[in-house]
Amino acid sequence: MIDFFYQTLWALDATLRVATPLMLCAMAGIFSERSGIVDISLEGKLLSGAFVAATIASLTGSVWLGLIGAISASVLMSLLHGFACITHRGDQVVSGVAINFLASGLTVILGIAIFKRGGQTPTLSSGERFRPIELWFVDALDNVPVIGAIYRELISGHSLLVYVALLCVPIASFILYKSRFGLRLRAVGESPIAVDSAGVSVTWLRYRALIVGGVFCGIAGAYLSISHGANFVREMSAGKGYIALAAVIFGNWRPIRAFWACLMFGFLDAITSRLQDIDLPLIGEVPAQLMSALPYIMTIILLSGFIGRPSPPSAIGVPYKK
Amino acid sequence: MMINKSIKTSGGDTACYILELQKISKSFGLVEANKNIDLQIEAGTIHGIIGENGAGKSTLMNILYGLHRANSGEMLVNGARVKIKSSADALSLGIGMVHQHFMLIPRFTVLENVMLGSEGGALLSKGRISTANKLKELGQTFDMEVDPYVLVSDLNVGMRQRVEILKALKGGAKILILDEPTGVLTPQEATQLFEILDKLRENGVTVLLITHKLAEIMAITDNVSIMRGGEMVGHRKTSDTNPQELAELMVGRKVLLNVEKPKAKPKEIALNVRNLGCYSSRGHKVLDNLTFQVKSGEILGVAGVSGNGQTPLMEILAGMRKPDEGYFEILGKKIDHETKVSPFTMRENAIGHIPEDRHKHGLILGFEAYENMVLGFHNTEMTGEKKLLDKNHMLKHTADRMDEYDIRPRNPKLLASSFSGGNQQKIVVARELYKNPKLLIVGEPTRGVDVGAIEFIHKQLIQLRDQGCAIILISVELDEIMGLSDRILVMNKGQEVSTVNGDDANPKDLGLMMAGISEEASN
């Protein structure tokens, strides 16, 4: 029983770690998609954020400069996306895919050019990474049964960026539903012409949405390479941007629901990596490849009708032309 | 925005005009939408601007409201020269606009819609309260109260229009532009709107009413300006003019406002609809127990405010959708939920279909005219004798139809999107009538079509009827329904309210029925 309790705690703990970049990217996706811009480029922004974070942290030894670099790189990608599909009204999916290719290629080329390690960055020392944080009262609560353990194992002991990601969800929700910016953002994704006729600039509003998304993706990227991991590995985003986009759709473009979807994906990911070498009753040993494909298979199954009809922003994907 | 008070205008009498336009011109590519437009609006009046579709009225208003930028010309508000570069500029000058297609977001509440653009701070909480109060106050002043907390998608069109007006007034509008405001309203709702406009005038608001309906101009305006082909062709005091003069100014020649129609000689039943019902994808009942018949040689008009079941009815009859309940018989052939149908099999049953949304269902705008002219008839001789499409044959077929129907420009290789609304519609009509249908389903045949083409299309329909075709005509334009139909079926919420004889119909009764009040109940 105690064993099962700790197993569960560790699984949830792992879920949180794996879900962190998903949450940040999902919030980024919600911001841009709610403004009417399809954001398939989450993946590319995540990857470029991860690369720049690891590179700068490795060169300067500062995690903070790494984080700022990651955010800048990701925002830059966002601006590129915006330039193509807001300013020049290009196709948003094509532009997004182009950014993903660009990030995929550029990170490897620059990585080889700078570090000559086949696209990887050098392993970071612990001072060059975001370390786990011990929260207050951990020791004091240790004697309290159950809660003490939950507090120590699950809630405390994550890197700063995990807490940032968790905070981002209510903040995103607050901005969307309680602020002027949020009202306009939701409006521009539903009917840009209504926003325009209310005297608000559609272009600037959409750019701002993309920039906010860029910041979130940048933090997510930094988390991958200088918090969760200790260096940049080529293609280390491994489809997380796409999974986050799926979470946005599951969540019906709402922050809290998308958060739960991210946790679900994270949980699947966490248990599959634990179940890989274990003999399951009735089924036997499951090939590792199948297990790691599970989140993607789930995505397809769920997206093909298990979650009811999603209601995307009405004006999504349509460039605004006066 | 730039207000330059130091520049005096030529005349000293400009002060009494709240709004003045001088030599406004605007072109889109080669099309001159507005040519040297002059316009003077007196404060506290209702000023009508009338013209056909494409006369440039909407363009002019969009310039005034900052949605388009004029190529040249001057605008003066209260005698001061202004530059309006965006809607924000227009709003700050006290110019508000109620658009033809409402600028409301259906998923937002009334309050959110009204707040948009003037939220009163970075957070919404404070603005919510003050806007709700302001809405209540305006609602009481102008007799148009609306619950601020309902979703716009739950409001009917008349109420949505009120929200639009309230939104403009809340922004401090002193000049209110209404673009074709009655196009979507029942006659009763239109009357209510006019009462509101009267109230606005009493309270010192200047109203600019854009319309192509003569009756409205005569009923409510103080002054009227007439536009044709992008030019301003006349200004009149409404009390000094009459509908016939206005119509001639609009069209530039004498027009028949009503097509002559000999008495119908109905023969055998061509369409027999029995207890037809169907549900929307969300499970709402959109057609409810509909039963009617159409005979060869008669036109049955279906009247109703748009969205009361006309669209599903048309789609079922055209084979685009299956009935969930009941059945219908076309020329003796029974079709119910079990029957396998498609628009293609319906065409084989000698049915012609002129869809209500020609851009969505009638044409492929990115295809050339000759491709559109055979759409849905690929297996017929329209595409030539061979198995493969014979391009030369199609081009010739199209050129012939273009002559027959006077479709301009006469170029079969032009993209469908390059034709005007009237000529696009003629392409659809030419295609659907070519095979001499026994039953014709027509939806909104003259929406966005100019007066000349309306006359032509109406004549075609009457002619077809006299050749023995059964026609079912669905339109939200009451004038059209009354002008063409031998019998009129009025629909409300997917049900039949009543069926009346075309000769006995009058707009007032039809309007009541469209609102769901049947004849027996109103008597």
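Modeller: Two strands pair if DSSP finds at least two bridges between them. Strands (E, at least two residues) and helices (H or I, at least four) are DSSP runs, numbered from the N terminus. This is a predicted model: local features need pLDDT of at least 70 and side-chain atom pairs count only at pLDDT 80 or more, while totals for chains, interfaces and linings use all residues. Residues are numbered from 1 along each chain as its sequence is written, with chains lettered from A and ligands numbered from 1 in the order in which they are written.

Now the sheet. Chain B holds an open sheet of six strands, in the order S17-S18-S19-S14-S20-S21. Its pairing is mixed. S17 (351-354) and S21 (495-501) of chain B are the edge strands, each pairing on one side only. On average, neighbouring strands are turned by 15° against each other, direction ignored. Such angles run from 0 to 180 degrees between N-to-C directions, with axes fitted to C-alpha atoms, for helices over the stretch in contact.

Look inside the sheet. S14 (299-303) and S19 (470-474) of chain B run parallel, joined by four bridges. Ile299(B) has Ile471(B) in S19(B) as its bridge partner. A helix lies across this region: H9 (310-317) of chain B covers S14, S18 (439-443), S19 and S20 (487-492) of chain B. H9(B) runs at about 150° to S18(B).

Compare a hairpin elsewhere in chain B. S10 (223-228) and S11 (231-237) of chain B run antiparallel, and six bridges join them. Asn223(B) finds its bridge partner in Lys237(B) of S11(B). Two residues separate S10(B) and S11(B) in this hairpin. Gly229(B), in the turn, has a positive phi of about 55°.

Most residues other than glycine have a negative phi. Leu331(B) has a phi near 50°. Leu331(B) sits in the loop between S15 (325-330) and S16 (333-336) of chain B. Asp143(B) has a phi near 60°. The loop between H4 and H5 (157-170) of chain B holds Asp143(B). Asp143(B) has 11 C-beta neighbours inside 10 Å, so Asp143(B) counts as exposed.

Next, find where the chains touch. Residues are in contact if their C-beta atoms, placed from the backbone, lie within 7 Å. Chain B gives 22 residues and chain A gives 17. H2 (87-92), H3 (110-115) and H4 (124-141) of chain B each supply at least two residues of chain B's side. H2(B) gives the most, with three. That side has 13 nonpolar, six polar and three charged residues. Ala, Val, Leu, Ile, Met, Phe, Trp, Tyr, Cys and Pro count as nonpolar, Asp, Glu, Lys and Arg as charged, and the others, Gly among them, as polar.

Finish in chain A. H2 (42-60) and H3 (63-87) of chain A pack at about 150°, with axes 7 Å apart. H2(A) is therefore roughly antiparallel to H3(A) (over 145 degrees; under 35 is roughly parallel, 65 to 115 roughly perpendicular, the rest oblique). The contact includes Gly44(A), Val52(A) and Ile56(A) of H2(A), and Leu67(A), Ala70(A) and Met77(A) of H3(A). Its residues divide into 10 nonpolar, eight polar and one charged.

Methods. Two residues are in contact if their C-beta atoms, placed from the backbone, lie within 7 Å. A residue is buried if 20 or more other C-beta atoms lie within 10 Å of its own, exposed if 12 or fewer, and partly exposed in between; C-beta atoms are placed from the backbone.
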